[in-house]
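This report describes the fold and the chain–chain contacts of the structure shown below, together with the confidence attached to them.

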2 protein chains.
Amino acid sequence: MLSRLVAVILVSLISLAPARGAEPLPSWNDTASRQAILRFVGRVTAAGSTDFVPVPERIAVFDNDGTLWSEQPVYNQAAFIVDRVKALAPEHPEWTAKDPFASILKGDLKGALASGEQGLVELVTATHSGMTTDEFGATVDQMLELLDYLRANGFKTFIVSGGGTDFMRPWVERVYGIPPEQTIGTTADLKFEMQDGKPRLRKLPTVDHVDDKAGKPVGIHRHIGRRPIAAFGNSDGDLQMLQWTCAGAGARLCLYVHHTDAQREWAYDRESHIGRLDKGLDEAAASGWTVVDMKRDWNRVFPTD
Amino acid sequence: MLSRLVAVILVSLISLAPARGAEPLPSWNDTASRQAILRFVGRVTAAGSTDFVPVPERIAVFDNDGTLWSEQPVYNQAAFIVDRVKALAPEHPEWTAKDPFASILKGDLKGALASGEQGLVELVTATHSGMTTDEFGATVDQMLELLDYLRANGFKTFIVSGGGTDFMRPWVERVYGIPPEQTIGTTADLKFEMQDGKPRLRKLPTVDHVDDKAGKPVGIHRHIGRRPIAAFGNSDGDLQMLQWTCAGAGARLCLYVHHTDAQREWAYDRESHIGRLDKGLDEAAASGWTVVDMKRDWNRVFPTD
């Protein structure tokens with residue numbers, strides 16, 4: 001009798017083990033959001049299902065700021081620029097008299113932004129060489145699990161961010177497992193030229209593409225040429241990307257991360273200056289998109305939690 | 001004695017079989033061009049070699065017209081446009097009085113081209129929906145073998161073409177095994193807009209990017225964000241792409257297909273209006289790039305040869 005019980009327990013443990021080991025999205029509580037993701041992936045990957053999507057068409061697009069990593073209290077790229085301007089200032093004495101650099105060195109971010117788009121491009125150009133991301137904010141853990149889970153199911157994952165493409169590319173592969181060629185962002189115009197017999201690409205002080213809001217579906221078409229079947233964002237800047245994704249035929253997943261967790265991360269939405277989520281919340285409710293409630297749906301936010 | 005001989009023969013056959021089955025580039029004669037390709041791939045893939053390149057950095061870029069398929073006597077895309085204008089004319093009675101359509105319907109290609117870039121964009125916009133490539137010219141066989149061989153060695157293959165991106169994307173996956181998101185070409189500006197509550201991307205009559213000559217390295221950086229280690233072209237329009245590729249550090253392969261075979265395909269170079277190869281031939285000689293002599297180096301050109 002005892003030996004039979006032991007056998008039953010052993011069998012239970014053995015049969016549980018692989019299921020447990022393979023259980024996806026462990027940092028997600030088993031709420032409606034997690035269920036919506038699992039159900040969607042199940043539908044598009046089940047051979048013979050009417051919603052089956054062949055592997056090459058399993059395109060998933062992710063916003064970066066506020067979705068894959070934190071964007072509060074200030075965009076990482078902005079913090080990075082400020083740090084870099086300060087670090088590089090000794091080599092550039094002219095910056096103390098020249099905006100936008102002078103304003104930044106005085107701690108006057110508003111003044112720096114007053115120099116407009118051209119000023120921003122100058123800043124990015126001056127600060128974005130040889131950067132690493134070790135000093136950056138934490139990457140959100142569940143989104144890494146989600147990236148892994150989708151890729152394990154044949155998805156090709158892309159970043160579609162308002163951030164600078166050249167700012168992201170040096171580290172996205174290491175941090176997210178997303179190669180530079182699957183990174184779509186804001187770009188400056190480039191010029192190819194020969195200098196002393198050597199070819200080089202020079203960044204021009206004009207903007208080629210602003211990959212935000214209506215620019216996101218444009219960037220997606222220009223770069224991927226297929227409509228994604230899944231899109232993940234957190235703000236009104238992602239609304240058009242989600243609209244474009246979910247307007248396609250067949251099973252689609254549009255998901256908003258709603259920052260509701262002031263304790264572990266940040267809580268902000270309709271009134272925020274960074275990552276405002278206002279129209280998006282309304283449209284998500286009207287269209288039945290998935291809205292992650294960070295406080296409720298995630299049992300961990302950062303790897304250190 | 002006999003049985004020993006049989007055993008030796010059997011062992012020889014067995015040990016030969018896999019090598020023979022796996023022999024790369026069977027349509028290429030074993031000349032210097034083929035050897036250069038094999039040597040390059042051997043160097044960048046040999047673990048421990050000083051020239052070893054990790055898989056994610058094995059980026060290879062291919063021109064399309066004249067490299068992956070024929071471009072003589074006229075670009076396939078141009079032939080396609082003419083066919084489509086004729087086929088669609090009954091639905092567009094206004095075309096008989098409106099250039100560039102009127103000129104094309106009269107068989108006056110020169111007149112059609114006189115309407116300049118805007119006319120060309122109008123033509124492409126009007127004719128490039130729902131197209132297939134069944135009526136197109138043959139794909140060059142050895143380049144398919146080369147694509148396969150590189151991919152089998154961990155390379156990611158991209159098309160970098162002066163042709164329209166939206167013209168190529170519907171069929172490149174089927175024909176070349178290259179997905180739409182690895183297809184870089186000439187693009188029109190796009191505008192995202194909502195129409196009757198549905199999102200759509202509208203092509204504008206302005207050019208976003210001309211992916212030819214100095215535009216090729218720009219397209220490569222914009223799209224891939226890594227410098228390729230191998231580049232394949234056939235004309236002066238590919239020169240900057242090859243310069244950009246081979247100016248990088250480490251082992252590089254820059255290869256020109258020189259059309260020298262008037263009997264099986266076409267023979268043209270310095271004087272040709274389509275696919276002129278003039279400066280490129282000089283630079284290839286000066287820089288030691290590989291130049292394929294189609295007549296000498298390829299034992300087949302098309303699958304039907």
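Two residues are taken to be in contact if their C-beta atoms, placed from the backbone, lie within 7 Å. On this criterion, 27 residues of chain B are in contact with 27 residues of chain A. The structure is a predicted model, with an ipTM of 0.79 and a pTM of 0.80.

On the side of chain B that touches chain A, the elements that each supply at least two residues are tabulated here.

| Element of chain B | Residue range |
|---|---|
| α8 | 165-176 |
| β3 | 183-195 |
| β4 | 198-209 |
| α9 | 215-223 |
| α10 | 239-246 |

Of these elements, α9(B) gives the most to that side, with five residues. By residue class, the side of chain B that touches chain A divides into 13 nonpolar, eight polar and six charged residues.

Chain A contains twelve helices and seven strands. Among its 305 residues, 41% count as buried. Considering contacts in chain A between residues at least 6 apart in sequence, 63% join residues at least 24 apart.

The confidence in chain A averages a pLDDT of 85, and 83% of the residues score at least 70. Over residues 1-20 of chain A the pLDDT is below 50, and this stretch has zero contacts in the model beyond near neighbours in sequence. Over residues 130-137 of chain A the pLDDT is also below 50, whereas this stretch has eleven contacts beyond near neighbours in sequence. Where pLDDT is low, the predicted coordinates should not be read in detail.

Definitions and conventions:
Residues are numbered from 1 along each chain as its sequence is written. Chains are lettered from A and ligands numbered from 1 in the order in which they are written. This is a predicted model: local features need pLDDT of at least 70, side-chain atom pairs count only at pLDDT 80 or more; totals for chains, interfaces and linings use all residues. pLDDT is the predictor's confidence in each residue, from 0 to 100. Helices (H or I, at least four residues) and strands (E, at least two) are DSSP runs, numbered from the N terminus. Ala, Val, Leu, Ile, Met, Phe, Trp, Tyr, Cys and Pro count as nonpolar, Asp, Glu, Lys and Arg as charged, and the others, Gly among them, as polar. A residue is buried if 20 or more other C-beta atoms lie within 10 Å of its own, exposed if 12 or fewer, and partly exposed in between; C-beta atoms are placed from the backbone.
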